[in-house]
Amino acid sequence: MIYDGTAPADSDVPRTGGLPLAPAGFTWPMCGSCCGEPLQFFVHLPVEYGVLSVFVCQNDPGACEFWDATSGANRVYLFPREELQPVSVPETGVTLLPAVSAIRTHVVTLDPEENDGHDGHDELAPDAYDLARSGWKREPEERFGKQREVLGSLGGSPSYLEDDRLPACPSCAGTTEFAAHLEEGISSQTAMNLGGQLGYVFVCRACREGAFLTD
Ligand SMILES: [Zn+2]
Ligand SMILES: [Zn+2]
């Protein structure tokens, strides 16, 4: 997922920031970890089975356990694609990002040979997300390329996440499916504060909700 400029706040395109779109009657989620203040809206992510909508508490980033899938400090919804409308924003708390970042997807095909030559790591399979991100628009003379343009990825498998951190569905306690990686954002002014970590979104399609955590 690559940064693609800005977009209207209520746009149905994939984006971070702006207003959440949700079914009628939806109420803004509150933090169950720190303070009971509203969570901040992070991302609107249309996928083939609906729309993922992710909220993370930013009211007290040093103390609130937004990185923990079971803390109550974050929320993942899977909405149907149709009849979504902008949600009215609570008057208090840290609720909206300062800018909208539209997202376009760019399919990366990885060459299995690319990971050759990393002596001592032969037993580790190459991490697909790591390879895709590190290769984004990298010119030979650039060490990091334009990696800040990378806002995450869709599908695949979670990057370097230990099995014991895979979250259960908050409703049915069953296993969840990995849906997306989320980076903090394109610039420090517009980014989510994830403590410099990568965000992971998981979903239970049956229960239409999911889980969020960071590494
Ligand atoms: Zn909180
Ligand atoms: Zn479930």
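This report covers a zinc site and a strand with its partners in a predicted model.

## Basis

Local features need pLDDT of at least 70 and side-chain atom pairs pLDDT 80 or more, while totals for chains, interfaces and linings use all residues. Residues are numbered from 1 along each chain as its sequence is written, and side-chain values use heavy atoms, without hydrogens or water.

## Zinc site

Four protein donors hold the zinc ion (ligand 1): Cys 31 (SG), Cys 34 (SG), Cys 57 (SG) and Cys 64 (SG), lying 2.2 Å from it. Donors are N, O and S atoms within 2.8 Å of the metal (3.2 Å for Na, K and Ca); water is not among the atoms, so sites may look incomplete. The 4 donor atoms subtend angles of 104 to 113°, which makes the arrangement tetrahedral (four donors, all angles between 85 and 135 degrees). The ideal tetrahedral angle is 109.5 degrees.

Along the chain the donor spacing is C-x2-C-x22-C-x6-C. Cys 34 is partly exposed, at 32% relative accessible area. Cys 57 is buried, at 0%. Buried means under 20% relative accessible area, exposed over 50%, partly exposed in between (1.4 Å probe, protein chains only).

## Strand β11

Strands are DSSP runs (E, at least two residues), numbered from the N terminus. Gly 199, Val 201 and Val 203 point one way; Tyr 200, Phe 202 and Cys 204 point the other way.

β11 runs antiparallel to β10 (residues 177–182), with 5 bridges. Strands pair if DSSP finds at least two bridges between them. Ala 180 has Val 201 as its bridge partner. β11 also pairs antiparallel with β12 (residues 209–214), over 6 bridges. There, Val 203 partners Gly 210. β11 and β12 form a hairpin with 4 residues between them. In the turn, Arg 208 has a positive phi of about 60°.

Conventions
Chains are lettered from A and ligands numbered from 1 in the order in which they are written. Four donors count as tetrahedral if all angles lie between 85 and 135 degrees; four count as square planar and six as octahedral if opposite donors are over 155 degrees apart and all others between 65 and 115; anything else is irregular.
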